[in-house]
Amino acid sequence: MFKTIKQASNYKRFYANMSPGLPLQEIVKQLETFAPLSYAEKWDNVGLLLEPYNQGPIEKILLTNDLTERVMQEAVDKNANMILSYHPPIFSPFKRITQKTWKERIVSICLSKSIALYSPHTAWDAALGGVNDWLASALNCKDIKPIQPLADCADANVGSGRTFTTNISLQDAIAAVQKHIGLDVHVAQAVDHNLNTQIKKVAICAGSGGSLLRGIKADLYITGEMSHHEVLDANHNNVSVILCNHSNSERGFLKTFKPKLEDMLNGGCEVMVSETDEDPIKTFVKTN
């Protein structure tokens, strides 16, 4: 088979370095070391959501913000053994698993294809180095801290949302956020602000930030979405608002987390970021 001893040696070395995958529970352990499930909000449904009966070693992990049917097909096409979906696709209880609804179909495909499913959601929001810290890094942050520190947690950097100080014009802040998420944003200026107004204090919340940000003293809120009346209240309290659309304020974290997860697993799995995952809301520019 081999013409030389050197060829045989290279062949053995190549296959010795190939990983057969990792046990599911080892991956779960590493994920929960980064963001313990105790960090999540009490109402949330986080952690290992699906563990197929005949689950083998995990060789390929697909990261996605939302597990839609398009992403599910992508996972199947790429032979993923595990899906890490930031938002939990299983939230309300199922009474049956049929082919009637898209979420039921996703569960049935995962089970039939032996694909494990894990969701971190608000545990990642609260974690140091998690989604909110990623969103805050769009600007030059100083004195960053959680809006609501996690009770009974020894690390004061863990908790919901973030506030920080900076020194940037509103116009430059908008441009920085656009560059960070790679998409256009929606802006509501405070009643006494213009694009040259200097932003000193910022409060952020990835996803839906209306309730957490309400009443927080800042010059600027950055979040995914707020209600119409929440935006009006902020503007009349002299707070400008940057809205990114819900999942656009979160999705970019996956590319940051990919190499981190690879390091956490010592290269034992191939980690992929979904190419079909996208925010369901599109911004269309008016044409003549």
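This is a predicted model: local features need pLDDT of at least 70, side-chain atom pairs count only at pLDDT 80 or more; totals for chains, interfaces and linings use all residues.
Close-up 1. Cys 153 is partly exposed, its relative accessible area being 23%. A search of the whole structure finds zero disulfides, and Cys 153 accordingly takes part in none, the nearest cysteine sulfur being that of Cys 205 at a distance of 18 Å.

**Close-up 2. Cys 269, a buried cysteine**. With a relative accessible area of 7%, Cys 269 is buried, whereas Cys 153 is partly exposed. Cys 269 is likewise in no disulfide, and the nearest cysteine sulfur, which belongs to Cys 110, is 16 Å away.

**Close-up 3. The buried side of helix 3, residues 69–77**. Val 71, Met 72, Glu 74 and Ala 75 are the buried residues of this helix, and they lie on the same side of helix 3 because they cover an arc of only 160° around its axis. An α-helix has 3.6 residues a turn, so residues three or four places apart point the same way. The buried residues of helix 3 pack against strand 2 (60–64) and strand 3 (82–85), as well as against helix 4 (102–112) and strand 13 (270–273).

**Close-up 4. The opposite face of helix 3 and the residues that follow**. Arg 70 and Asp 77 are exposed and are carried on the face of helix 3 that is turned away from its buried side. Just after helix 3, Asn 79 adopts a positive phi of about 60°.

Terms used:
Residues are numbered from 1 along each chain as its sequence is written. Side-chain values use heavy atoms; hydrogens and water are left out. Buried means under 20% relative accessible area, exposed over 50%, partly exposed in between (1.4 Å probe, protein chains only). Helices (H or I, at least four residues) and strands (E, at least two) are DSSP runs, numbered from the N terminus. The arc is that of the directions from the helix axis to the C-beta atoms. Contact means heavy atoms within 4.5 Å. A disulfide is a pair of cysteine sulfur atoms within 2.5 Å.
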